[in-house]
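Please look through the sequence and the model before reading on.

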Amino acid sequence: MAGVRSKHTTPELAVRKLAHKLGYRFRLHRRDLPGSPDLVFPKHRVVVQVNGCFWHGHDGCRHAATPSSNVEFWRKKIDANRARDARTTTELTGMGWTVLIVWGCEIRDEVALVSRLRAAMPS
Ligand SMILES: [Zn+2]
């Protein structure tokens, strides 16, 4: 089940670009942290996970609709991803990291994204 989270996806690139524009320094996919988070902001002890709505089961999101065939298969897969996401978040939080989840569908609202990043990382 490892490696389901795909790296360097378009939403992830969008978040990187934005964080860069805001002047935050970050590292990518630090393997020494649980779940090797997509973006790691060491100075603020913040990690950002960019989750695809489908793979990570974004609640109530139209992009997260289960395909009409192999329903059971997809449900199990996505449930497993969600369980792992929750575990990773708990571990990171326990280590003192703030975990910010950005969903694929939230990328387009740049204003909202900027204020979330700013709120998580007061300068
Ligand atoms: Zn979504």
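Gly52 is found in the loop between β3 (46-51) and α2 (71-94), where helices (H or I, at least four residues) and strands (E, at least two) are DSSP runs numbered from the N terminus. This is a predicted model, in which local features need pLDDT of at least 70 and side-chain atom pairs count only at pLDDT 80 or more, while totals for chains, interfaces and linings use all residues. Residues are numbered from 1 along each chain as its sequence is written, and side-chain values use heavy atoms, leaving out hydrogens and water.

**Gly52**
- Gly52 counts as partly exposed because its relative accessibility is 34% (buried means under 20% relative accessible area, exposed over 50%, partly exposed in between, with a 1.4 Å probe and protein chains only).
- Not counting residues up to four places away in sequence, Gly52 touches Gly57 and Trp103, contact meaning heavy atoms within 4.5 Å.

**Zinc site**
- Cys53 (SG), His58 (ND1), Cys61 (SG) and Cys105 (SG) are the protein donors of the zinc ion, at 2.0 to 2.4 Å from it (donors are N, O and S atoms within 2.8 Å of the metal, or 3.2 Å for Na, K and Ca; water is not among the atoms, so sites may look incomplete).
- Along the chain, the donors of the zinc ion follow the spacing C-x4-H-x2-C-x43-C, and both Cys53 and His58 are buried.

**Aromatic rings**
- Phe54, Trp55, Phe73 and Trp74 form one aromatic cluster (rings of Phe, Tyr and Trp, the last by its six-membered ring, pair if their centres lie within 6.5 Å; planes under 30 degrees apart count as stacked, over 60 as edge-to-face and the rest as tilted).
- Phe54 counts as buried because its relative accessibility is 18%, and its ring forms an edge-to-face pair with that of Trp74, with centres 5.5 Å apart and planes at 65°.
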